[in-house]
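Hi,

Here is the structure I said I'd pass on.

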Amino acid sequence: MKTYLTSYYFIFLSVFFLSGCGGDSSSSSSSSSSKGGDSVVKLTLDNPNEDHVIKMLLSGDEVIYFNHNIQADRIYYQYQGDGLKFINSLDVSYSSDWNDGKITINPKEYVGMPAGEYDTFVDFALCDKQGCNEYISNKMRINFKYVIPDIKIKSDAKPIKTSTNDVDSRNHNYFNYVTIEAPEGYKDVFIDFKPEYSRDIISFLSYGIEYDDKYHVEIELKSGVEVGPGIHQDTISYKAYYNGNESMPVITNPFVVDMEYTVKETPYLKLEKVRKLKHDIKDFAYLPSINAIAIASSYKSECNEYGFYHEQDSVYLYGLEDGQSYEFDFDNKKPSYDVDVNKIATSSDGLLIAVPHYSSLGIIELNIDDLSLSKITDIDLPHQYYGKPIILNDYVYTNVESYPKTLLSIDVNSHEVYALEHDLSIDKNLFFSNVERKELYSFYTNKGEIHSYDVSNKVPTFLKTTLVSSDIDCKPLELSDSSKLYTSCGEVFDVDLDFNKYGQISFEDGSFDNVSDIIESVKSEEVIAIINRRSNNLGDYESRVSVISLSDLGLKGRYQLPLDDGKKQYPESLFKDKKGNVWIISSVGKYKGDPKPEYFNVSKVSFPAE
């Protein structure tokens, strides 16, 4: 090692890159000449055969010793060449007394180039004036090697190819490992891993170090609802960075995961619209006697001149084929504060309509030849607020929704009211019947119980309580003359087998969360249901009409409703006519800030396969 005197003359630095030098960076030091004249100073490497190797991120300053015959006290220097892209600076010190010096190369910590060993150089020369327009020395070439490590990114990830439907609200998860392989000497260099991806189909991606240089990656694709119908393609690029710095990426081919995500569009039902209704629909029933529907309606019409809303409480009849309509106005039967027409029931032949409202029961006996001659009777009841009634033979049965909990039977001929006080549910009970057994059933939603009553006599007689394995949040669905009881949670119970659980309707692979209506198809092995999903915390929802096999309660088909005059249409209720045709009542549009639909449609349904 050279020993230097403590008194050094330090050269002033003036660095010029190739574009500003005007010299030939490829010429060798032995043949270089000064600009404008012969060299005055001769520069030579102290050890021309010495290897100078700089390893990116590992090496510090590289020192090169040289010999000279510099006599000046103040001198300038310049360096240029291919190696400039690998270094930050080049510092020089020398001793006039010993005719030797050293050049210190300060390499760049990071160079954004592919892995490899780069043989490169800088040419070093002296000048006597700032700007270095002329050299006073030969060009001394300093050769060195700059090594960029070969970092490999490996993964067990396979291409993701999956499919779902446009009502699937689930996120699909995938898991894989990524390994970062570094050459010897770089084990202690922190090489961070990061995947790059768009958010077109990926909802969430997390990753972390499993151990050493192995990472785990969890990918969560968006739901079919979020992505929408179509074939969506994307990629995930697994990349690496030195020292966790994204400005220092490993320049190598990333490991790429190709993704293909197919979202199938739900087919549309074919609807033949026969009615457009501006009033609300609280409840409805089908009337086979005149092939019409009866609709209970109670809504606020526009403000009158005094600034008060007018309650319009009526039962409307709409023919499904003949276009006829008729209104039974209940506002004239009771003071307006007593009227709340929101439930309705019909007899099996469709000649009798029962409408409980506040503290009375309206009975409509239809004259099918002339509806204007129909008989309307209002029967006073002993309590207030009644549940949905059911008509069996000549009796109407309903429950009191306020205290005391009472089951009433009303003789439609004599208008006599008979009561059985029993521990009924605080919730609204649904009544359904078994005509052959002359039994009436009430679903006690708070406890998941079925209460059975003998209705062979005027006064109902309580028979027994059957505990069913239903969640307390499940509500029974109205379906008369059926051997099955269906709930909003998709549970199915066998009525004829003491309500043993028959099975569970599939909620379409978890996409939806409740059933709002169901009918049995004319095909005995199928049921048709409206299945819903809340899509956000604001209460927006998506609904589909689904055909379900009774054999395994699996999905056979799923359909959506077409737009109506460019507005979204929601399925609300289903029913069958006496010919077995399926009908749907749908709501269309919403007022701003008002959850009420703009109007309702009554439509005949055809399934695409038909």
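Strands β17 (residues 230-242) and β18 (residues 255-264) run antiparallel and share nine bridges; strands here are DSSP runs of E, at least two residues long, numbered from the N terminus, and two of them pair if DSSP finds at least two bridges between them. Across that pairing, T235 sits opposite D258 in β18.

Before going further: this is a predicted model, with local features needing pLDDT of at least 70 and side-chain atom pairs pLDDT 80 or more, while totals for chains, interfaces and linings use all residues. Numbering starts from 1 along each chain as its sequence is written, and side-chain values use heavy atoms, leaving out hydrogens and water.

Back to the strands: β17 and β18 belong to an open, mixed sheet of four, ordered β12-β18-β17-β14. β12 (160-165) and β14 (191-197) are the edges with a single partner strand each, so one side of each has no neighbour in the sheet.

There's also one disulfide in the whole structure (a pair of cysteine sulfur atoms within 2.5 Å). C127 and C132 form the disulfide, S to S 1.8 Å. The torsion about their S-S bond is about 100 degrees, so the disulfide is right-handed. Both C127 and C132 are buried, meaning under 20% relative accessible area with a 1.4 Å probe, protein chains only.

Cheers

Conventions:
Buried means under 20% relative accessible area, exposed over 50%, partly exposed in between (1.4 Å probe, protein chains only).
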